[in-house]
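Colleague: I am new to this structure and would like to learn how to read it. Could we go through it feature by feature?

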Amino acid sequence: MARSSTGFVTALTAGSLVVVGFLAYQASASAPSDLAEKKEGSSPSASASKTPKKKTDPKALPAGSGKGERVVYALGGDRVWLVGAGNKTKSTFRVTPGTVDPAPGSYSVTSRSGSVTGTDGVPIEHVVRFANTNGVAIGFSAAVDGSTAAPDPGKQTGGIRESREDANAMWQFATIGAKVVVVK
């Protein structure tokens with residue numbers, strides 16, 4: 001009888017080893033391939049606490065830029081948003097700033113000109129002025145020839161150049177008294 005019990009226990013042990021081996025294989029096959037990799041100098045707790053950085057959309061309307069219909073100009077991103085009713089962005093586009101920037105804050109469109117010569121001597125159109133810094137008028141405009149070249153750093157210019165298409169959109173949107181919000 002002892003002999004049959006030994007055979008029974010041996011069979012159970014062998015069967016258990018087969019099941020455990022099969023489960024271990026399944027676990028290793030479904031585990032991520034980089035699970036076993038360890039970066040030099042890192043500990044499990046250090047890597048577990050790292051969270052992925054959120055990538056911000058450069059075209060997203062800046063937080064803290066106000067509410068309602070307005071033009072938003074981001075100095076750091078050289079980008080403009082035309083924001084309509086319901087805080088909905090109607091258009092956004094890149095611009096080329098002049099050498100003189102307005103201070104961050106809220107302004108109103110004070111004057112507009114269909115076509116003039118810019119402070120850099122370039123013929124411009126659809127000029128929408130909203131600020132004055134140290135005697136330099138600040139406003140959006142487009143060069144008649146469509147160029148958006150960086151201004152001469154030796155001159156004080158307040159023209160924020162847009163493409164002709166974007167200047168047309170600004171001209172239609174930013175009438176006298178329209179709000180302009182400048183953010184960093």
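Colleague: Which residues of the largest nonpolar core touch the most other members?

Modeller: First, the basis: this is a predicted model, in which local features need pLDDT of at least 70, side-chain atom pairs count only at pLDDT 80 or more, and totals for chains, interfaces and linings use all residues. Residues are numbered from 1 along each chain as its sequence is written, and side-chain values use heavy atoms, with hydrogens and water left out. A nonpolar core is a set of buried Ala, Val, Leu, Ile, Met, Phe, Trp, Tyr and Cys residues joined through side-chain atoms within 4.5 Å. Buried means under 20% relative accessible area, with a 1.4 Å probe and protein chains only. In the largest core, of 23 residues, those touching the most other members are Val71, Tyr73, Val80, Phe130, Phe140 and Met170. At least two residues of this core come from each of E1, E2, E6, E7, H3 and strand E9 (179-183). Another core, of six residues, lies apart from it and includes Val72, Ala74, Val181 and Val183.

Colleague: What does Phe140 touch?

Modeller: Contact means heavy atoms within 4.5 Å. Leaving aside residues up to four places away in sequence, the contacts of Phe140 include Val71, Tyr73, Val80, Phe130, Ile160, Met170 and Val180.

Colleague: How many helices and strands are there?

Modeller: Both are DSSP runs numbered from the N terminus: helices are H or I with at least four residues, strands E with at least two. The protein has three helices and nine strands. Along the sequence the pattern reads α-α-β-β-β-β-β-β-β-β-α-β.

Colleague: In what order do the strands of the five-stranded open sheet lie?

Modeller: Two strands pair if DSSP finds at least two bridges between them. Here the order is E3-E2-E1-E9-E4, and the pairing is mixed. Strand E3 (89-94) and strand E4 (105-108) are the edges, each pairing on one side only. Within the sheet, E1 (residues 70-74) and E2 (residues 79-83) pair in the antiparallel sense over five bridges. One of the residues involved is Val71, whose bridge partner in E2 is Leu82.

Colleague: Which strands of the sheet does helix H3 touch?

Modeller: Axes are lines fitted to C-alpha atoms, for helices over the stretch in contact, and angles run from 0 to 180 degrees between N-to-C directions. H3 (residues 164-173) packs on the sheet and touches E1, E2 and E3, its direction making about 40 degrees with that of E2.

Colleague: Which residues of H3 are buried?

Modeller: They are Asp166, Ala167, Met170, Trp171 and Phe173.

How values were computed: Buried < 20%, exposed > 50% of the residue type's maximum accessible area, 1.4 Å probe, protein only.
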